[in-house]
Amino acid sequence: MTTEMKNLLLEFAEQCQPASAPWDAIEARIIADGKADKFRWSDRHKRLTGLAGAAVLVGGMYGAASLSPVVAIALDKAPGVNQVYDWFGDPGLNRAVAFDNKMQHTASDRGIQFTITDAYYDQDRLSLQYRIDLPDRMIGSSPAAPEIDCYMNGEKLDLQGGGACGSASETAWQGMWEMYPNGALPNDFTLQVAIHKIGGVAGNWLLQVPVSRDKTQANTKVVELNLSKAQGDVTFSINRVSVTPASVIVDYEYNWKPGQPGGIDLLIYDRENGEYLRPVSGGPVRQRHTDGNTQTVEAAALFDAPKQLPSSLYVIPEKNSVPDLTQNQAFLAPLNQTMPFTLDEGILGQIVVNHVDYTPDKTVVTLSYHGPLPYPMFFGLQKPNGVPIDPLTGPVSNGNGQFTISYPAIQPTDKAEFTSAHYDSTDFMTDFAMQVPLN
Amino acid sequence: MDVSSDMVNRLRNGEMKAYQEFVEQTWSKSVRACWIILGHQQDAEEAAQDAYVNLFRNRSQLRNTDRFDAWFYRVLMNSAKQIRRRRRPTGISFHDVDLVDVSEGLGKADLRMSVQHAMGQLTDEERTTLVLTYFCDLTDREAASATGWHLGTFKWRLAKAKRHMGQILGQEDWLTDIAAGGVSS
């Protein structure tokens with residue numbers, strides 16, 4: 001009977017004709033699954049910390065205008081000599097320090113000495129480390145990275161750039177400037193650097209710096225691609241991958257509904273070296289084109305370089321979790337209630353509101369934050385009619401996860417409310433995963 | 001399931017290449033095992049995919065490499081169970097589709113229809129016992145372990161499943177076999 005039953009079941013089961021094994025989808029899920037456990041809480045934490053801590057992206061084409069309080073906090077933790085890259089939130093550059101060109105090019109004006117000490121130049125980026133020596137005084141009350149204009153043969157270069165700077169001592173600042181060329185540049189050229197303001201002091205600091213890809217070229221791989229996947233109304237394409245000693249930059253493209261919050265980030269897995277490439281904040285900014293109800297987003301993602309150049313990289317798109325307070329996880333919490341009380345933001349942690357001090361000229365909220373971000377980024381305060389109340393200052397760190405935020409004077413009877421949301425995990429788009437050959 | 005101890009060790013070490021080989025080698029059987037239980041091919045493929053992902057996630061829990069089959073089928077059955085809980089309210093299944101292929105001859109087609117009917121009459125648990133015993137070739141103990149049921153419960157459900165199948169298919173010798181306590185071991 002056993003044999004009969006066995007044969008019967010085997011024959012019956014043959015009615016089911018599975019498609020071939022979907023290994024790509026399974027592998028993508030395995031990678032995403034592992035990432036969900038490890039990446040989301042560790043690497044993502046670093047990434048976001050890097051974003052704020054780097055303070056980056058002053059001026060240039062990034063459009064960031066002012067430093068947030070958290071950036072100021074980060075800048076208070078001044079970088080020591082040779083720690084700038086790490087401090088900048090770009091450990092890939094730190095690891096690629098052997099590919100730096102060391103130099104001492106100095107310009108002086110108004111008693112302020114500006115010295116470029118290192119230049120890193122590869123296929124995609126040009127990074128300068130510098131030091132500012134002051135005569136005997138600080139410039140301004142808070143440090144700010146000087147804006148740098150770059151030229152070649154007198155022609156202004158089309159670059160996306162930004163930088164950060166912190167005090168190294170009472171009379172010295174140290175910082176770096178990061179640039180992403182829009183278009184091809186020669187392997188060797190003389191970079192002409194012009195700075196017209198350092199701190200609050202106007203002047204002219206002009207330098208000529210020879211830069212060369214000699215050191216990086218042999219360790220760089222750039223592949224132009226046309227990999228594309230479509231499902232439903234989403235199309236996702238990878239157009240270019242560049243692997244250099246300092247970083248991996250992936251140029252990709254996807255369609256997105258105009259006005260829809262968030263976008264698509266990438267998760268990159270190097271199977272040969274068995275590591276997820278850590279995403280790094282910053283990087284080049286690409287374009288968005290809107291045509292009717294479709295928005296095409298050309299994006300670029302910056303990652304740490306792999307340990308060794310692999311023959312391929314595995315790319316999994318991920319819907320990013322840029323918080324959208326209009327979504328249904330959003331919630332409101334009255335400002336005037338028994339303290340302390342907790343705002344549960346899900347994977348973004350918890351905010352415990354400890355005190356609200358109402359004074360005639362301002363209202364100060366004291367809270368503690370426990371979560372993966374460097375500070376509680378995604379909550380706000382609003383009036384009962386939904387109008388946001390912008391903070392006067394803060395969040396300012398008091399150490400140990402304690403922050404204070406000052407708002408314009410509000411009375412308890414105003415019934416102001418915290419706006420926040422409970423954030424769920426990010427969405428990996430495993431159906432769009434791709435193996436990108438680098439050979 | 002013919003999986004070498006070397007392969008099992010590679011799977012336990014999280015070697016992706018080994019996983020790829022294992023998935024490609026066992027995919028059809030895994031899907032079919034789930035299909036017999038769930039009745040829906042899409043659900044079955046989903047359950048199998050979940051099982052392979054769960055296998056990787058829980059690979060460090062495999063202590064006894066000699067019992068890999070039973071362990072994997074346990075993961076597979078759990079995935080099927082999860083899928084069953086969120087089963088689609090509609091869909092194509094062997095419960096409601098005519099599986100007759102007239103080119104095979106009516107005798108075989110009749111038998112297939114009978115099996116289809118019989119399977120449709122069994123509970124999910126009863127189908128699970130048949131799958132693990134006759135399709136996956138597990139012993140009663142291994143199958144009981146794979147389902148998480150006590151051995152006695154498993155044997156009871158298997159006996160019930162065989163009795164139902166025998167009754168529906170009209171094969172008296174199966175009933176005789178069951179009456180003699182002939183559950184496989």
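How much accessible surface does chain B have, and what share of it belongs to carbon and sulfur atoms? The surface comes to about 8700 Å², and 45% of it belongs to those atoms. Such areas come from the Shrake-Rupley method with a 1.4 Å probe, and for residues only the protein chains shown count as cover.

This is a predicted model: local features need pLDDT of at least 70, side-chain atom pairs count only at pLDDT 80 or more, and totals for chains, interfaces and linings use all residues. Residues are numbered from 1 along each chain as its sequence is written, chains are lettered from A and ligands numbered from 1 in the order in which they are written, and side-chain values use heavy atoms, without hydrogens and water.

Chain B has 9 helices and 0 strands. Helices (H or I, at least four residues) and strands (E, at least two) are DSSP runs, numbered from the N terminus. Of the 185 residues in chain B, 48% are buried, meaning under 20% relative accessible area (1.4 Å probe, protein chains only).

Now turn to where the chains meet. Here 39 residues of chain B are in contact with 29 residues of chain A; contact means heavy atoms within 4.5 Å. The area buried between them is about 3400 Å², with 71% from carbon and sulfur atoms. Buried area is the accessible area (1.4 Å probe) that two parts lose on being put together, summed over both.

The interface holds 2 salt bridges, each a side-chain nitrogen of Lys or Arg within 4 Å of a carboxyl oxygen of Asp or Glu. A:Lys6 forms a salt bridge with B:Asp137, with the closest N and O atoms 2.5 Å apart. H2(B) gives the most to the side of chain B that touches chain A: 11 residues.

Terms used. Buried means under 20% relative accessible area, exposed over 50%, partly exposed in between (1.4 Å probe, protein chains only).
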